[in-house]
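Colleague: Before I rely on the labels in your description, could you take me through the rules behind them?

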Amino acid sequence: MNHYILQALTLDGKSAYIEDVPNGKNCGCVCAECKGALVAKNKGTIKIHHFAHASGNDSIKCSQTALHLLAKQIVMEEKRIPAFREGKIEFVQVNTVEAEKNLGDIIPDLYAEYEGKPIAIEIFVSHAVDEKKFAKIQSHKLTTFEINLSALLFETKDEVRKAIFDIKNIRPIYDEDFTEKAIADKKQFIDKNGINKPVIGGIVRDCPMNIKLHGRNAYLDSIQQSVCELCPFGYKKSDANCVHCVGHQRQFVDFSMRLFQTRLINPNITITTDYWWQLNISKNMVVSLSELAEFFTLLTKQKFTVIKQKKQRQ
């Protein structure tokens, strides 16, 4: 999506909004992406005020970087960030917000502290948090939220600000306290409604997610150990040679598909169990443990008729 370039860099490297600089070539600004000279177009009364490249080459990547820069600037100015309060996401006021703070092997877009707790914020314009970054976030146990601006086109700073502070555009990536409680709630829910599936020779029969397929069997010895923790239908018991699972409950599976459909970057995709799993475990998309927690919060509010399944043959 080719956004209007509303934010740029001054010659001394400061972030500048289109309405705060002189009109024309005298704006003294360059593109944050390509560092090409910009022309400010901010005196008209008909067209949207924006920057344009003096060369005439306004690429999509340049406009996306400009939006990313503007979003960071707004959050730093407002000093408001998302945080978990009593299990819910709310916007809170903080003393300061830093951009690109170096935390060693990870540099979040924005960093702040709320009630002594570090919080990172990622701005999603063209690239969502991927598997590699998620692993680093999890290893740091760093509470992280993602602000999704990828599907919107903005004409003013106020429109960007409104989108940033719209709770619907906030995606929780990780929060240790919330996640631990959610995983416990998940296991309690599955213990109540699920069945034990024996692991025989490293194989679980009739896996609802069709992992490492041979027919409909899951080969646990050839997949990552955390796979059942991230699966919405089951978990691997550490003290027993079995998987506890609600995947036989078609109503749970169908509800999950509808719920996670709304989370996809492209809502026009027809979701299937296979495709859902591919998205969430591959590098294309990450469903965080906190997001899984949100799913189970919604799931427990639904009224289902639990279907009892006969004991599986060994």
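This is a predicted model: local features need pLDDT of at least 70, side-chain atom pairs count only at pLDDT 80 or more; totals for chains, interfaces and linings use all residues.

Modeller: Residues are numbered from 1 along each chain as its sequence is written, and side-chain values use heavy atoms, with hydrogens and water left out.

Colleague: Why is the pair of Phe-91 and Phe-165 called edge-to-face?

Modeller: Rings of Phe, Tyr and Trp (its six-membered ring) pair if their centres lie within 6.5 Å, and planes under 30 degrees apart count as stacked, over 60 as edge-to-face and the rest as tilted. The centres of Phe-91 and Phe-165 are 5.3 Å apart and their planes stand at 75 degrees, so the pair is edge-to-face.

Colleague: What makes the pair of Phe-84 and Phe-145 tilted?

Modeller: Their centres are 5.3 Å apart, with 40 degrees between the planes, and the pair is therefore tilted. Phe-84 lies in strand 6 (residues 80-85) and Phe-145 in strand 11, so the pair ties together parts that are 61 residues apart in sequence.

Colleague: Why does Phe-84 count as buried?

Modeller: Buried means under 20% relative accessible area, exposed over 50%, and partly exposed in between (1.4 Å probe, protein chains only). Phe-84 has 19% relative accessibility and so counts as buried, as does Phe-145 at 0%.

Colleague: How do you know that the charged end of Arg-80 sits over the ring of Phe-165?

Modeller: The rule asks for NZ of Lys or CZ of Arg within 6 Å of the ring centre and within 35 degrees of the ring normal. The charged end of Arg-80 sits over the ring of Phe-165, 4.2 Å from its centre.

Notes. Helices (H or I, at least four residues) and strands (E, at least two) are DSSP runs, numbered from the N terminus.
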